Structures are given as C-alpha cells and as structure tokens.
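Here is a short report on one protein chain. Keep the sequence and the 3D view open as you read.

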Amino acid sequence: MQDKKQFSLIIGDRRLPLDIHAVAFDEPGGVAGLDRPTFTFRFAYRHIPITARFSDHDDCAAIELQGDVGPMPFSAESWLARAELQTVLDAANAHLGEVFRLVDGRILVVGSVPVADPVTAVGLVTAITHFLVPVKPYLETIAVFLAPPGEAAASGEALRPGWRRIVPGKR
C-alpha cells in the first residue's frame with residue numbers, strides 16, 4: 001500500500017486545511033454546478049500586508065492584490081527621500097505598468113493577475129508569485145527609505161533615520 005502524501009497551502013503564517021493537489025474548479029459553473037466562489041484572504045510579503053481577492057467574472061478568473069507599502073514622507077520630513085521615492089515609483093510604473101499608487105499619503109502596490117483554469121490552490125499561488133517577483137526589486141529599493149513596519153510602529157517614525165531632514169546647526 002502506497003502512502004498518500006498530504007500537502008497544505010500555507011499563506012503567511014497560516015496553514016490552510018486543504019490539499020493543494022485536490023482543490024480545483026474545473027467546470028465553468030464551479031463544483032457541481034455551484035457558482036465559483038469569490039473570496040478574500042490576507043498575507044504578508046516582505047513585511048507588507050497584502051489583501052488578495054479572487055473573483056471570476058465573464059469566465060475570466062483573476063486575483064486582485066493590494067498591499068500597503070508604507071507612507072510617502074512629507075517634504076518637511078525629507079524632501080530628498082520624497083523625491084527619490086517618487087523616482088523609484090515612477091520607474092517601477094514605467095517598467096511594470098501602474099503597480100504603485102499614492103493614496104491618502106500611503107504607497108500602495110496593486111495589481112490584477114489572471115488565474116488559469118482549472119482554478120487550483122497551486123494556480124492561485126502561481127498567479128500571486130507571477131505578480132510579486134517583478135515587483136520585489138522595487139520593494140527592496142523602497143525599503144532603503146522606509147523603516148520596517150515593526151521599527152516604525154515602535155518608534156512612531158516610518159522614515160529611516162538616515163533620510164531624516166538634518167537641520168543645519170543642530171544634531
């Protein structure tokens with residue numbers, strides 16, 4: 001008798017109770033004629049909280065991603081950090097399409113990625129990875145300016161100290 005290996009989908013630090021090789025929606029209407037589900041889950045990538053929303057519209061499954069990268073510093077905090085971050089965001093958007101947006105003073109990473117049929121857990125993770133891998137170098141560059149979320153929460157300051165505006169004559 002051969003042992004059946006069980007595989008689980010782990011997103012963030014949560015183990016989901018499903019076998020990634022057994023979950024699939026392979027009929028146009030979903031499983032047993034039911035509508036395909038629309039669901040939302042969250043995970044962290046490089047300490048960035050990301051919300052993922054799966055939906056199936058007009059026979060096109062897609063996953064929409066949105067992550068809060070951090071605050072855009074004010075010019076008064078550091079005009080140089082703000083200008084350099086804007087340069088990074090502009091370069092990323094020129095290269096990848098509009099994946100970075102400024103909303104209410106926050107830098108967001110957003111995108112929508114198609115999910116191949118049949119929809120499986122492996123397909124979902126593949127779609128998310130397909131979006132995040134090209135974004136990773138830009139997130140690493142942005143991290144040069146912004147303090148990690150844990151440090152930012154502890155200090156109350158999201159900008160790395162090296163990018164703080166230095167007032168002449170004061171130290």
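Helices (H or I, at least four residues) and strands (E, at least two) are DSSP runs, numbered from the N terminus.

This is a predicted model: local features need pLDDT of at least 70, side-chain atom pairs count only at pLDDT 80 or more, and totals for chains, interfaces and linings use all residues. Residues are numbered from 1 along each chain as its sequence is written, and side-chain values use heavy atoms, with hydrogens and water left out.

**Confidence along the chain**

The chain averages a pLDDT of 79, and 72% of the residues score at least 70.

| Stretch | pLDDT | Contacts in the model |
|---|---|---|
| Residues 1-6 | below 50 | two contacts |
| Residues 23-34 | below 50 | 22 contacts |

**The overall plan**

The chain has three helices and nine strands. From the N terminus on, the order is β-β-β-β-β-β-α-β-β-β-α-α. Buried residues make up 33% of the 171 residues. Buried means under 20% relative accessible area, exposed over 50%, and partly exposed in between (1.4 Å probe, protein chains only).

**The sheet**

Strands of a sheet pair through backbone hydrogen bonds, either parallel or antiparallel. In this chain, five strands form an open sheet in the order S4-S5-S6-S8-S7, with antiparallel pairing. Two strands count as paired if DSSP finds at least two bridges between them. Strand S4 (39-45) and strand S7 (100-103) stand at the edges, and each has a single partner strand, so one side of each is left without a neighbour in the sheet. From one strand to the next, the twist averages 25°.

Look next at S6 (residues 60-71) and S8 (residues 106-114). Nine bridges join these antiparallel strands. Leu65 stands opposite Gly111 in S8.

Strand S5 (residues 48-57) holds Ser55. Ser55 counts as buried because its relative accessibility is 2%. Leaving aside neighbours within four places in sequence, Ser55 is in contact with Thr38, Cys60, Ala61, Ala62 and Glu64.

**Helix H1**

Helix H1 (residues 75-96) lies across S7 and S8, running at about 135° to S7. Axes are lines fitted to C-alpha atoms, for helices over the stretch in contact, and angles run from 0 to 180 degrees between N-to-C directions.

H1 has 22 residues, but its end C-alpha atoms are only 26 Å apart. A straight helix would reach 32 Å at 1.5 Å a residue; the expected span is 1.5 Å times one less than the number of residues. H1 also has a kink of about 50°, centred on Ala81. The bend at a residue is the angle between axes fitted to the seven residues ending there and the seven starting there.

Ala81 is also one of the buried residues of H1, along with Ser78, Leu85, Val88, Leu89 and Ala92. Their cover includes S7, S8 and helix H2 (121-145).

**After the helix**

Gly97 follows H1, and its phi is positive, near 95°. Val99 lies in the loop between H1 and S7. Is Val99 buried or exposed? Val99 is buried, with a relative accessible area of 7%. Val99 touches Asn93, Leu108, Val109, Val110 and Phe131, not counting residues up to four places away in sequence. Val99 and Val110 are eleven residues apart in sequence and 5.0 Å apart in space, C-alpha to C-alpha.

Note on methods: Contact means heavy atoms within 4.5 Å. pLDDT is the predictor's confidence in each residue, from 0 to 100.
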